[in-house]
Each structure stands twice: as C-alpha cells, then as structure tokens.
Protein chains: 2
Amino acid sequence: MKIALAQINPVVGDIAANSGRMIDAISRARSEGVSLIAFPELSVVGYPPRDLLLKPRFVRANVEAVHRIAESCVGIAALIGFVEANTDNVGRRLRNAAAYCADGKVQAVCHKSLLPTYDVFDEQRYFEPGPDVTIIEHLNVRIGVSICEDLWNDEQVVGRQIYKRDPVGQLASGGAQLLINMSASPFEKGKHAFRRRLFANQARKHHLPIVFVNQVGGNDELIFDGASMVFDADGQVIAQGKPFDEDLLIVDLEAPTTVQQDTYPSPIASVHDALVLGTRDYVRKCGFDHVLLGLSGGIDSAVTAAIAVAALGADSVTGVGMPSRYSSDHSKSDAESLAVNLGIEFRMIPIGEIHETFESNLTPHFSGRQPDITEENIQARVRGGILMALSNKFGWLLLTTGNKSELAVGYCTLYGDMCGGLAVISDVPKMMVYELARHINERAGREIIPQNTIDKPPSAELRPDQTDQDSLPPYDVLDAILALYIHEEQGVEEIIAAGFDPAIVQRVVRLVDVNEYKRKQAALGLKVTSRAFGVGRRMPIAARFRY
Amino acid sequence: MKIALAQINPVVGDIAANSGRMIDAISRARSEGVSLIAFPELSVVGYPPRDLLLKPRFVRANVEAVHRIAESCVGIAALIGFVEANTDNVGRRLRNAAAYCADGKVQAVCHKSLLPTYDVFDEQRYFEPGPDVTIIEHLNVRIGVSICEDLWNDEQVVGRQIYKRDPVGQLASGGAQLLINMSASPFEKGKHAFRRRLFANQARKHHLPIVFVNQVGGNDELIFDGASMVFDADGQVIAQGKPFDEDLLIVDLEAPTTVQQDTYPSPIASVHDALVLGTRDYVRKCGFDHVLLGLSGGIDSAVTAAIAVAALGADSVTGVGMPSRYSSDHSKSDAESLAVNLGIEFRMIPIGEIHETFESNLTPHFSGRQPDITEENIQARVRGGILMALSNKFGWLLLTTGNKSELAVGYCTLYGDMCGGLAVISDVPKMMVYELARHINERAGREIIPQNTIDKPPSAELRPDQTDQDSLPPYDVLDAILALYIHEEQGVEEIIAAGFDPAIVQRVVRLVDVNEYKRKQAALGLKVTSRAFGVGRRMPIAARFRY
C-alpha cells in the first residue's frame, strides 16, 4: 500500500485556500499511485484556529469544505483534519476530528481523545474529547487513526501520564495493523529528537508501524517544522519528510527502506531555519511584502536582519540606522557593513534634533530632578517613532530585535525598541544569539555579521560609555539563571544552591517578576524553546509572589 | 448555626498577606459567635493565580499557609480555598480545593469537579477534576461543599449542559442539608441578576439552602464584585454581602430574615463601581500611588479621569493637556474645566515644537508621498512619549483612555494614545461611555464631566476639522454591529439581516479583523462585559477568515 504524507502549510482560517492546496495534493498523490493520503491535524482550517472556532459560520464553512474535498477522493482515499460539531446535547460544542474520505464522500470520522491544555495549547477550551477511538478499514488494512496528543500519553518517554486514557493502546488492542497520527506539533529546539524517541517507543510497544504526518509553516508565534516520519514496527524510521518546508512524502509500506541519515538540521541550524520560516510566514500571511528594522551595529539587530533576508530576500528588507550623540563610530560602521554584507537598503536618520527638542520641551516639567532612565527611554521612543512612521508611510512591517534575556529582565523600552509587529528573536537567549551569528557566518562561508559586532561588548548606547554589563550580570550567568527560573520553574533557593551568587539571583528573579507588564504589551514573538514568553506563559501582573 | 461569609480582597500570590487577612476574619467571626466561616475559592492565593500555579514552591507555600490558618480555627471552623497537590500518579498535578478546618487542623478536603475552560478561565490548564464530591459534617449538619463552576452546570438557566457531571446534584442526593459554594465569580454587567436566578433555581431544585461566598476586588483585568448571597430552600435571598467591597457577612440560619431590597447597584452604576474598584486595585496592587493621563477635552479621557479620582482620590491623579496645531479652543478649555471640577493637578504641554521637529526630520525620507495617517500617528506618538516620560520621571502609572468601540475598529494609535499600563474603559463601548458620563454627573449632583464634552461631536483632532464620523459610522450603529459581531459571534449575513447597511457591516467587520495586531499589544483592560478584548478573546493574527 502506497501512502502519502501531505505536509502542507495552511493559512489559519483560509479555508478556501487550504482546501485548494489539499485537493491539489490529492490529485498529485493519485497520479503517483497512492492509495491513501494523510493530512495534518485540523488541516482544513490550519492550526491553531483559536477563537475562530467560536464562530458558528467558521465551523459550517469548514464542514462544507470537507465535503468538497471528499468529492475529489475518487480512486484514492484521504484522511483530512477538520472541526466537527458535537451532536451530543451535553458537553462542548466541537470535536477535533479526522474524516476518512473515499469514493467521493466522507466514509468515517475519527475524534481526538486527548486534548492538550498546557503551554500554548487550549484545546479543552473548544473541544469535547472523542468518546471512543475509531479503526477504519482501508484495502483490508485496519488503520488506527489518532490525532497528535493522542499518541503522547507515554509515561516512559514523557515522564508523567497526564491522561487516564490511552487511545493508541486502545487502537492497538482493538486490532489496528497500522497507526496513523495526524499532527500539528510545533517546533522547539530539541523536540524532533524527542518525537523520534516517543514514536519509536510507541511503535515498538505496540509492534505496529506508525505514520506521523505533521503540519509545516509559521502561524503567529508557533512554527511547525514538518519533518513527518514513518516508523516500522521496530521503531526504525523508514521515511522522513522535509524539515521546515512543504512536502508530499510517498511511502510504499510493502517496500520499505530504512532512512540511514536523519536529514533534520543541527540544533542551532534548526533554530535558524525555524526563525526564517516563522518570519517569512508571519510577514506574508499578514499580507506584507517588505519589512524594516533598526540597525544599531549590535548583535541582536544584525541577527534579526540576516534572518529577515533569508526569509524574504534582500530586496524586501530595509535597515535604518538612527545614531544619537551617544552612538559610537563603530556602531554606525558596523550597521553599514552589515547592510552591505546583506545587500539591503540602508537609511541613516540621526535622532539628535528630535531627541533634543523632546528634552528641551520636557525638562521644564521635570521639576529639577536628575537625569535617569527617563532620558534613555526618550531616545528609544524617538527611534520607535521614526521606525513606525516609515512603517506607516510605506506599508512595511516593523521587526523588533530584542532577545529573550533582555525581555526577561526588562532591559528594553516599551514603545521604544519594543515597537514592532514581530519579535523575531524574542525567544532566543543572548548566548544563543551569538551562536546564531556564528552559524550565519559559517553557513554563508563569509562574514555576514561583522566580526566586530560579535566581538565587542554589548551596549544599548543610551548614555556615554554604557555597556549592558553595567546593569546586568554577564550574559552566560544571566542566561543560566533565567533557564532555571523560567524553564525549570526553580525558586531562588534552588538556583543559589546550583552555585550562583545569591544577590545576583535575587536581583534577576525580581527583574523577571516586575517586568511582566512590559511583556504584556510585547510584540508577538516566535517560539523556539520549551517555554517562551507569549501565549504559553500566562503570568498575573498585579501580583506579589516572589521567588 | 451562625455562618460567616468572608468576602475578602486577596492579592494574587501574596500568600502571607492573604493568610493574615483570613486569620483576622476568623478571629472577628469567632468573637461574633460564628460557628463556621467560609472563604472564597482559592482564597489563600487569590484568583486567578494563573501560571504561578506551575511553580512548585508556590504550591508548597500555599499548603503551608493552609496549615497555619487551620491552627487559628479553634472554637470555630473554616472553609478555605487553596491549591492541593494531586497525589495520584496520573493526571494533572494540582486540584482546586477547599479545606475544612476545625480544632486547629485540616479535617477534610473537598475538590472542585467542574473546571471552567472558556472565556477568561483556564482551569483545565492546571487542575485535575475532583474524583468525587465531599459532604462534611459540621455540628450535625451535613454540608455539601462545592466550588464556583460546580454549581453552574444548570441547563435550565445556563442554556446548555457543558459538563456530564452534576456535583451539586450528587451532593443533594448524597444527603447534604446545606450547600456552600465557594466562588471567585468575576463581574460582568448583568451577571448579578443572572447569579441570583441560577442560585435560586438550584436552591429550589434541590430544596436546600445555599451559601454563596464570592471574592471581591480587582485582579488584573478581572473585577470580582463580591455581593455574596445566602438563599433559603425556596430560593429567597436571606442575606446579601456588600457589592464591590470587602465584607464579613454573618447569618444565623436558624433565624433567617428575607432581604427585602437587592442592594446591588443599577447596571450603569455597577459598571462605574466595577471600574473604580478595578482601577484602584490594579494601581495599588502594582505598587503605585499616583496615576496620570492625557486630557483631550473629549469624553473618554474625561470619564477615565473621573473614575481614577473616585478610585484613588484627586491628589493621586494628574491630567496632562497636550494641544497641537489642530486642537480647538474648546478642547483646551474643556480639559481644564474637567480638571478643575475634579480638583486634580493639570499640566499643559503643547506638542507643537516636537511635532514639527519630527515632521521636518522625517519628511525627506517620505520620498514626496502625500500626508496620510502617518502624520496623524506621529502626533499621537509624541503625546505618548510625553506621558511616558512623566510616568518614568515621577513613577506614576499611565492610564490609557481608549474605549471599546475604538479598540474594536483600530481607531487608535499603537504606541500613541494606546500607551499606558491600564486601559480603564477599553471594555466600555462608546455609547456606554456617554451613559457613564451622565451617571457620573448625576451621582455627583453637579457637573463633573463638562456638558460641552458630552454634547460636542467626538474628534481625534489629528487633522483640521476632523470628526470620528468622517471615518466611522455613527456610534449607535457601530456599537450595535460590534455587539452582534463580537458578543454574539454573528456573521456578516446575519448582521445585515438584522437591518444594517451591508457596506457598513462589511467595513466594520473587516476593521475588527485586521486590527487584531493592535489589540495584541494593548494595555491590560478592565473587563465589564461578557466578551472583552483580552485573555477571554484569543484570536489569531496572521489569519484570513473573514466574516
């Protein structure tokens, strides 16, 4: 039996376009002699549809699309992900479902049993769990269909069984001969290897082959990395879809060949590729064809610019240098070198005159108080205003360039350098930003990010001779503390016990806590770690728990 | 049996202070001869604790506090809301629980069975449902304890049974003689009357008295209105706690008296009181003692200022007038009159010079393009920069003044008039802003909001002779369409069928959809309707479903 894994990149809510893409894939697969084509979870609407699911006409439109797609299933069968209305008069109104389509119509519907409601996932907000699993019979093969999380309730690999039900176990004991898992599993650094372990373990445990078909593409902060896989009953990978790109992966289950080499990129390359895909898709799916960003000569804006160029092409990126009286010569020259290396348009708009006018108009209202962070913020906000004016005038999307370490401790100005529609590297800790910079240069085989940008001490240059380390601990220390506090949810005592200076730990933790208000208004940021600021981390603001 | 309903105002996460407040209430109740005191849901940690729940030390600290509070329960029993670790090795790690404390220790623990996961609620993100209901025996009375949502699964009143279980029915059939419901039920306009109907229906259905004890106070965007109630077995209210204030309501169940008059305020007064409480608590719980806001002479900033003064006192509010070349004389005089009426400090900082410098520095970069919305946004951003500079210099919290109708259609400038830490009226539609203005003047018995501010046509004054109605339909039409689209989730066809102009409906709906990106970065706003922008409405941004 020839199976196709249709790793498509849907636009959330664009039911017409997504359906068209699916009908096209069905037609291509049929011409390749495929007997069954499987699509990702909720493929008709794109994942995650979020509160679009609360619109009754949205659900109706998606059901109509399923029937249209089913009509194209002649001489081939398809498994398509969609939203089904729950016809029971008790429980939530929807189910996360898969339609088995053959002979021009929907033959059976399978339901997701386990509904992830943690991190970025909110499925119990919308869906009622399926009451039971469904095995479909296709060409005399009994196929157990599951949807994403259904396969993840594996204490051995995941560490805790968070659900009482085990739908994959039910499918196996119900006589399934092949398992198909339709997924929308977002990227995180290291998650591909985890998925391989998990799926291999499930295959071996039930001694059944598993087809895992994953969504690809960026949808808001989530980046789906594709990299669909087929496992044999021994847990060996016998086919692998492209990472970070659309693919139609065709596998003949009667003539399997073992994949010798995992084509998935190295960890740092995977973060790079994820950010490129996430940036490209956010920009294009929002309807933009050009972006701009401020270039300070520093590492964050340099890496963000390089990612933007990889995502959109050099002609679609404008860099803006906005020197102030505190800007060093190397800032300007490093920014210009970067722009030349990337081949992007570069504009220089000094902020001096606006900055001075702001200050001279405000000083009389400051009642003789000393200069402080206020004056630094004014500069950052003048820059934000200039970038937003260009964004408004030319219809360009503004990328913001802050990294995760800064955002964690609030080393950034709200309405200043935080201005922008997409925060490309806001889930990348500072030390990983350096790693990305070196990776970008290695990959290009030449200097894209100026070496001086990589080598010099980081500085916001908002007052004379400032460096980041005037206010913050060294970034290797900061990043290590942040990982324990934010990712591991450790408390101050545990972090100190891990060997860090108590005063520094307390200071960092306090900064993270008191800066929730800034993150509340931060630009949407691309998620690449297991715990990103954004929809997956929901902290109260007017709150007082410390440490 | 004398019961106390301890309607407390906790600070989220401030376990020490919340515990202290609870121990104090226990002591006062004991001195009044109370035999059982009931606290709201999760009273030890404050509702909603959100992702603080994922910190193991947070849960440990809350359990330790429960035992400390229990030690004070001598000569009196207490029901206290807290987070319990789930000791089962399957399922989520926590339970939403209530401890029955007597004789100095925890005697029994009850668990919440129904976990709301819709609108602003995310309880299935954290909690495992209780496996069964618990009846405690107190002074030979069998008391059925339920927590908030447990009592809401009432198809007759709510319209749909969204859970299969009915814990209150189980408690009744299990022999409970009295029902106690420990709640953290947030305010919405009209919800108090709904709660009365719901609880009365449950009391009559099971022929049991019900004690409903509710949290009070503002926690981020949610405002809890208190107004705890005791119902007899016929569904009559026999006692009622204060709305929008802390209270220790003591009821002798053997000597009940019917409450003749519902003390709850009228709908518009309830919105006013909710906004006052929500503003006061957000400001104070964030550690501020002074706020500022821009005063344009218009109705939105006037109503916001009046609410701020009611919340914090006139000495804690500064108004700032920032006229531009487009500002009319009446704008300046109306803003000044308002400040005089409220007795607040008023500063005038004209934006002309900064505005001109911005324009003269940017125009060369605009490549001969015509003036457009860009220039209007620059003015708004200069004002935002001035207000933020004052906020930074003096440590004042900036209130933003936009209303819900504007925020819905994006008639506001990101990083301009959207600057601020709290959006006081961002869930109040424009027509209700007028209603609030009239209510504020009526309540004061004098002109607080200048009559000219109420009477004149609304204008952003960002270009000569501009009025809102140049860009938007009349506000009564706009608000009616928005209510159908946002609150009722109706589609374009349905809204047109309700009698609105097709072109206007399509335009409004499109504006709502394309402005999700602005709301992503909006200030936290106080929720007063059933569907506010904020955590209760989660829309994708890079999405294409229309209508």
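Mentor: Let's start with a word we'll need: a residue is buried under 20% relative accessible area, exposed over 50% and partly exposed in between, worked out with a 1.4 Å probe on protein chains only. Helices (H or I, at least four residues) and strands (E, at least two) are DSSP runs, numbered from the N terminus. This is a predicted model, where local features need pLDDT of at least 70 and side-chain atom pairs count only at pLDDT 80 or more, while totals for chains, interfaces and linings use all residues. Residues are numbered from 1 along each chain as its sequence is written, chains are lettered from A and ligands numbered from 1 in the order in which they are written, and side-chain values use heavy atoms, with hydrogens and water left out.

Trainee: Good. Which residues of α12(A) are buried?

Mentor: They are Lys430(A), Met432(A), Val433(A), Tyr434(A), Leu436(A), Ala437(A), His439(A), Ile440(A) and Asn441(A).

Trainee: And what covers them?

Mentor: The cover includes α6 (267–285), α7, α11 (404–409), α13 (451–455) and α14 (475–487) of chain A. Contact here means heavy atoms within 4.5 Å.

Trainee: How far apart are the end C-alpha atoms of α12(A)?

Mentor: They are 21 Å apart. The expected span of a helix is 1.5 Å times one less than its number of residues, so the 15 residues of α12 (430–444) in chain A should span 21 Å, and the two values agree. Just after this helix, Gly445(A) has a positive phi of about 70°.

Trainee: Switching to chain B: at what angle does α7(B) pack on α12(B)?

Mentor: About 50°, with the axes of α7 (299–312) and α12 (430–444) of chain B 10 Å apart. That makes α7(B) oblique to α12(B). For the terms, axes are lines fitted to C-alpha atoms, for helices over the stretch in contact, and angles run from 0 to 180 degrees between N-to-C directions. Under 35 degrees is roughly parallel, over 145 roughly antiparallel, 65 to 115 roughly perpendicular, and the rest oblique.

Trainee: Is the crossing of α7(B) and α12(B) left-handed or right-handed?

Mentor: Left-handed: that is the name if the near helix is turned anticlockwise from the far one by less than a right angle, with right-handed for clockwise. On the α7(B) side, Ile299(B), Asp300(B), Val303(B) and Ala306(B) meet α12(B) residues including Val433(B), Ala437(B) and Ile440(B).

Trainee: What about α6(B) and α12(B), at what angle do they pack?

Mentor: About 85°, with their axes 10 Å apart, and they are therefore roughly perpendicular. Among the residues of α6(B) in that packing are Ile268(B), Val271(B) and Leu275(B), and among those of α12(B) are Met432(B), Leu436(B) and His439(B).

Trainee: Now the strands. What order does the open sheet of 6 strands have?

Mentor: In chain A the order is β17-β16-β15-β18-β19-β20, with parallel pairing. β17 (345–348) and β20 (524–525) of chain A stand at the edges with a single partner strand each, so one side of each has no neighbour in the sheet. Two strands pair if DSSP finds at least two bridges between them; β19 (422–423) and β20 of chain A pair over 2 bridges, with Leu524(A) as the bridge partner of Leu422(A).

Trainee: Which strands does α7(A) lie across?

Mentor: Helix α7 (299–312) of chain A lies across β15 (291–294), β16 (317–321) and β18 (397–400) of that chain, at about 170° to β15(A).

Trainee: Is Asp465(A) buried or exposed?

Mentor: Exposed, at 77% relative accessible area, in the loop between α13 and α14 of chain A. Tyr415(B), in the loop between α11 (404–409) and β19 (422–423) of chain B, counts as buried at 6%.
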